[in-house]
Amino acid sequence: MTDPLPQPALPESIAARFAGLDVSAFRGQTRVVVPAAEAHGLLAALRAEGFDLLVDVTCVDYLEYRGATRRYGLVYLLASTGGGQRLTVRVFLDDPQPAIPTVVDVWPGAEWLEREVWDMFGIRFEGHPDLRRLLMPEAFTAHPLRKDYPLQGRGERHNFPVLTRDEG
Amino acid sequence: MSIAPSDHDTRRPADAREEDYLWTLNFGPQHPATHTTLRLVLKLEGERVVDAMPEMGYLHSGFEKIGEHLSYNQYVTVTDRMNYISPMANNVAWHHAVERLMGIELTPRCKVIRTIVAELARISDHLLCNGAVGLDTGAFTFFLYAFYQREVIYDIFETLCGARFTNSYTRVGGVSQDFTPLVVEKIRTFLRTFPKTLDDMERLLTRNRIFVDRTKGVGVLSREEAIAHGATGPVARASGVTRDLRKDEPYLAYADYDFQVCCASAGDCYARYLVRMQEMRESLRILNAAIENLPAGEVNVGIDERVARPSKWQVYSTIEGTISHFELSMANRGFEAPHEESYAAIEAPNGELGFYVVGDGTENAYRARCRPPSVLHFALFPRLIRGHTLSDVVAVLGSLNIIAAELDR
């Protein structure tokens, strides 16, 4: 595939400030792995460096992934509206109670994206202004995109009270 | 006898607050003007919207979970159902991301064919979006003009792949059907007739006093807000963000065509309408250039790649074709994605539509995250509607083009 543009490595000022980051590339995409404690600082610095668009916040549950040692991989996809560059920032988290500081103060648009990650994976975003479920009902207890949640068979129908037509 | 002035205010309890006298209006999830199932809880002071609380999830069907249990080719049927206004664009986006993960280079013909269907999808999406804005603000004729042309595009897609609505057209490394002369002829006819309708539509609405009054200055989104809130596509471009993935990171065959990125600076509903109208004209330029320069040759990648089914001729005449066809049909063979993860996005009609695909060495994705543009646009809604009247809700909602199926997945 020819289309991925050659991506620059991490900006020098970032590389100087955050030493020892694990930078890798795949199909022309630069990826940075950062410890959870430094994630907020790095993301805020990257925004100041020109990666002004937060494209997506998502998560991968590596429970059944071959060779994985950490359970959750948070993914922040950044882009710059001016230069068309992209950068992926990854943060690994573990059970129990995975949590990370929110980036809503850096990008207000992260609010719903983080709500969805909380809803689907149960990762708590500390300092989030309104961390409610986004897609599932409020009363739902599980986090359905976790790998230990089955595709079907738990919690969907039979846990909810059945209303007949007369009662409804 | 004089009527005493209303002493309504004096009868309020001393500890009453101003917000105790606001109306709460439940807008949706079943409301004709939301077009899909989404809910808005509006706080009204008279007819003025003080605040809005958008709520979603009514159409949540677990598409991302399903994506972990279907193969890369099967999942395309589910992407049809995400943004059902332009399913072709979703198909192209999904397999674009999968091919990025696998590192497959498409044939030139396939690239152009996918470009053509993606641009047709953009036109049909913009037609419906602008048509619905017109419909919600009282311009019913405009909507019918738009929908008639959508029907023509449906016909093209039906001739192309047999399905009008849920096309499931792309495959890993290719497409399900090659263009036939009839499809090319139908697209040419559409390209000949559509500009006239587009002119008619512009004449109907663009300078229509009622429509301009209803949309100009309503739902203003500044450039800074658009970037900070992750807006993409026509919504961001109407606010002056000059970002278009077709130009910024040219994928498929877009680098070969001459077209312009349509932007506006006002950031209101009217600007979003204008950007979409103009983008249809630019899409026509791309389509005209693409359909007249359709490369010859194979549409799917070759047998050596072992991802796309070989043609019947190859299956019956070559041993490689037979083996490849057999292996791709076997449940325990098929093809394997690398043990890696990547993100790829296209400029869908609604904005940046991308998929973050994690491969785990099997033929199913380990994770198939869809980055839907609608979610970030819907989150903007309270910001855009505050201070406007109740009747502006439908204008703002329509101009953001919120598709609940894409919102909830």
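**Exercise 1.** How many residues of chain B are in contact with chain A?

*Solution.* The model is predicted: local features need pLDDT of at least 70, side-chain atom pairs count only at pLDDT 80 or more, and totals for chains, interfaces and linings use all residues. Residues are numbered from 1 along each chain as its sequence is written, while chains are lettered from A and ligands numbered from 1 in the order in which they are written.

Step 1. Contact requires C-beta atoms, placed from the backbone, within 7 Å. By this criterion, 39 residues of chain B are in contact with 32 residues of chain A.

Step 2. Elements of chain B giving two or more residues to this side include α3 (87–102) and β7 (351–359). Helices (H or I, at least four residues) and strands (E, at least two) are DSSP runs, numbered from the N terminus. The most, four residues, comes from β8(B).

**Exercise 2.** Describe the packing of α5(B) and α6(B).

*Solution.* Step 1. Helix α5 (residues 140–161) of chain B packs with helix α6 (residues 181–205) of chain B at about 170°, the axes being 10 Å apart. Axes are lines fitted to C-alpha atoms, for helices over the stretch in contact, and angles run from 0 to 180 degrees between N-to-C directions.

Step 2. α5(B) is therefore roughly antiparallel to α6(B) (angles over 145 degrees).

**Exercise 3.** Is B:A97 buried or exposed?

*Solution.* Step 1. B:A97 lies in helix α3 of chain B.

Step 2. B:A97 has 26 other C-beta atoms within 10 Å, so B:A97 is buried (20 or more is buried, 12 or fewer exposed).

Step 3. Beyond four places in sequence, B:A97 touches B:A344, B:G354, B:F355 and B:V357.

How values were computed
Two residues are in contact if their C-beta atoms, placed from the backbone, lie within 7 Å. Angles under 35 degrees count as roughly parallel, over 145 as roughly antiparallel, 65 to 115 as roughly perpendicular and the rest as oblique.
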